[in-house]
Amino acid sequence: MTVDSPPVLEPLVVQRLRSVVGEDGVIVDPNRLLVYESDGLTQYRCAPAGVVLPRSTREVSETLRILHEEERHFVARGAGTGLSGGALPVGGAVVVGTARMNEILEVDPPNRRARVQPGVINAHLTRATLPHGLIYAPDPSSQSACTLGGNVAENSGGPHCLKYGVTTRYVTGLTVVLPNGEVVVMGGLECDDDAPDLVGLFVGSEGCFGIATEIEVALIPRSEGVRTLLGIFRSIEDAGRAVSDIMARGMLPAALEIVDAETIRAVEASIFAAGYPVDAGAALVVEFDGVDAGLDAEVREAVACCEAAGAREVRTAADDEERSALWSGRKKAFGAMGRLAPDLLVQDATVPRTRLPEVLGRVEEIGERYGLLVANVFHAGDGNLHPNLLFDRRDPEVVARVEAASKEIMAVCIEAGGTITGEHGVGLDKRHFMPLVCSPDVLDAMGRVKAAFDPWGRCNPGKVLPDGHALEDQG
Amino acid sequence: MTQPWVLRADPLRVRDRLAGVVGPGAMSIEEGVTVTSPTTDAETADLLRVAVEERWRVLPRGAGLGPWAFHVDNAHDERFPGTIEAPDLIISSKDMTEIVIHEPGDLTVCVRAGMTLGAIQSAVSAERQWLALDPPGGSEITLGGVVATGVAGPLRAQYGRPRDHILGLTLVDGKGRVLSLGGGVVKNVAGFDLVRLAAGSCGALGMITQITLRLYPRPEEDRTLIWRRGSLVSAWELGRDLATLPIPLGAAELLAGGWPSPLGGGGVKVLLRLTGSERAVRRMVEIVTEKGGAPDDDLTGELSMAAAHAVSEGDGASPVSFRLHSLPSRSGDILSSLQEIPFERLSLHLLGGTFRGTLPGAMGVTPLFPLVEIVRELGGTFSMTRDRGNSTATVVEVRQPTSLPRARLRSDIVRGFDPSGILPGAWREDWLGSGAD
């Protein structure tokens, strides 16, 4: 759906912005703006009034100061891979893109840290640190495209966050430009006395507080060994039992991922075919990493868990090539779903792991009731579900059913003690669900925190907080 | 930020009002300060509302045992400027002591904030689970105090700080609102992260009354290796080499001076804690001994845990203590300077660059003054603390320079939770910025 049409950026404003970021750093050509009208959640579209592409903290600061003086809203944007409409420039906002801020400023092995600009691609950081035996742990599925700035904004997760935790655990310091152009340095490994924890508050703020222009992250040693196995199950419930058993035995795998039958068939029919049996009810990817010596024993125990849960086959990877093959069915799942329908709504909710079987059953029932194809690919170890609703947005009646089913799925997850988003963020898409998980007082507290950063309501308007709780709604 | 507390309310009348909330049995007086111990969120909220109406300064507190706990504070020393004001009311979580729910299958537990770390560990150990936190102060300090101050111990090397363990918490803010923040699941990005904001905010936003935590499976093997060296420098060189090995160390500490059993005995010690499967730990022991030679002590199981407990206890309250933080790569230079200081105990978190130390009380803080210049020169943060029984004061600090926009930001955020300025972030100018570790 189109949210609204953008007001044009005045020539004088364009001129002022170009004086900061250069001629090629401001885009106002309507054809080129089309690229920025949507993010990974393609249901919503809305072209920005303009796009500014700064290169440094100074340029971001001056850009925001001009926009502040001109009373223009703005939205920060990384690679645009977000799945909650968080980078959608509603209300004629100007997009401030970080594409040209893609420098790894420092890799500091003795202190196990790195400093980067926000436009650095997630996978590029680990590529730069690997020669030092270090990695950046958070690995969102889109890591070959998504940026560190986007990861900070969304507090991104990823398959290996089961063991290592999400982005917020690894961000140690930030340089942030506030909506009026002021620059604030927060935290940092050198001076760890920031209380209250502004860095922790900023991570996951979905671009509503300002723009992070330098990010300091903690690195961890690369694991000595990795072992991956794939369990093939007759049903998703059996796979879920294997997950529960593995965790109950006190093991902590690096990843525990389930791919359901619909997804397996989509993957196997695509160019991403990974050799998963097409008649399987579900596949479970289990990965262990750490000191090499202990891993084989953990794999044996996990295989036993899979077999006890009724796995009809368990494959273990002998080398990196086989490991990639076992993972490919999981990692290429979203790409393969394009074969099933032209549009895909990737839902994201977390439930207590012990409630997974029940919730999955109810999601399936909701899909059937609304006549929708629902394919599940998810982080089973931490209860983070991704029911994918497949549809064709050209049919408004189907779109209405998708929206209704989506709402019911959220309600089921909340009823089970879960939450409305585990890693994709609230953005535009889920802000109307916020009252389901936050009391009016909590929403008010969030609104006041937002106002401390952005009393003018300029920064990513219309996101996260529902109507009536954000400054822009209060006039 | 200090409030103009010109007109003081009649203490007896206010105490009557407070007693009407929690009952007289949940009230006491410590050095003229009223202490209340509510058991419910509703009581806590009512106490805070009374404080707002009566303009009483409030100090949230756990059991009052931790080295950085919220003590009554009348510290004054002619050598240091300023006298820190006392609160009118302490709200203690010491009577909030039950487990709300433990979900072993989900590896989560929800507890009331006054529960001690020891009691939580004991309760979850029946399911072969543990809370991977070992902050200074030992097992008798409350979880609420740990979360509010954000202090972490050696295990942060592998498991992170308290804030990394919290899934959700209940905060009763300075308006008396009961805010249920976060949730009970391990991944949750629904809205701004007020859980992280509250954790480590030292009571500036309100009283934390309930916390949901992530648990971990109890490691199959828990082993602590200790090497003893004759000097700080030689111990540092060994510690640096061991701590930077590419293996997941549970903890890596350098310890000097006198430490409780089983860490007694002479020499400067390098301590590594290794946790995991039996095979993995055995392999890690091979790797570290290949680098550092055979350890002088090899503690397993209960003894390994006792060693961790001894570090936690030893880092606890002391008449004169200091905390110095800088980049780990500068630890060697700082240690060289520390050789001249007559400390009682000294610890260095090898992977994080944080030093903690204590001095005999009779010496006062004077011997520590050279450290101020060292930190100013090298970069980092530093604080010295004097403790007089129930009175703790941070007397000298070197902090991260605070820009005006950052100071305004912190102040505006705090004011959103405490518009009347009854909480310590408003009335104690030294409050924020000294607790996190």
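**Sheets, burial and overall form**

Author: In chain A, 4 strands form an open sheet with mixed pairing, in the order 1-2-4-3. Its edge strands, each pairing on one side only, are strand 1 (26-27) and strand 3 (74-77) of chain A. Strands (E, at least two residues) and helices (H or I, at least four) are DSSP runs numbered from the N terminus, and two strands pair if DSSP finds at least two bridges between them. This is a predicted model, in which local features need pLDDT of at least 70 and side-chain atom pairs count only at pLDDT 80 or more, while totals for chains, interfaces and linings use all residues; side-chain values use heavy atoms, with hydrogens and water left out. Residues are numbered from 1 along each chain as its sequence is written, and chains are lettered from A and ligands numbered from 1 in the order in which they are written.

Reader: In which sense do strand 3 and strand 4 of chain A pair?

Author: Strand 3 of chain A runs parallel to strand 4 (residues 94-97) of chain A, over 4 bridges. Within strand 4 of chain A, V94(A) is the bridge partner of F74(A).

Reader: Which strands pair with strand 12 of chain B?

Author: Strand 12 of chain B pairs antiparallel with strand 14 (residues 268-276) of chain B over 9 bridges, and E221(B) has G276(B) as its bridge partner there. Strand 12 is also joined by 4 antiparallel bridges to strand 15 (residues 297-300) of chain B, where D298(B) is the bridge partner of L225(B).

Reader: How many residues of strand 12 of chain B are buried?

Author: Buried means under 20% relative accessible area, exposed over 50%, and partly exposed in between, with a 1.4 Å probe and protein chains only. Strand 12 (residues 221-229) of chain B has 7 of its 9 residues buried, so it is largely enclosed by the rest of the structure. In chain A, 63% of the 475 residues count as buried.

Reader: What is the radius of gyration of chain A?

Author: The radius is taken over C-alpha atoms, and the globule rule is 2.2 Å times the number of residues to the power 0.38. Chain A holds 16 helices and 20 strands. Its radius of gyration is 22 Å, close to the 23 Å that the rule gives for 475 residues, so chain A is as compact as a globular protein of that length. Along the principal axes, its C-alpha atoms fill a box of roughly 70 × 60 × 45 Å.
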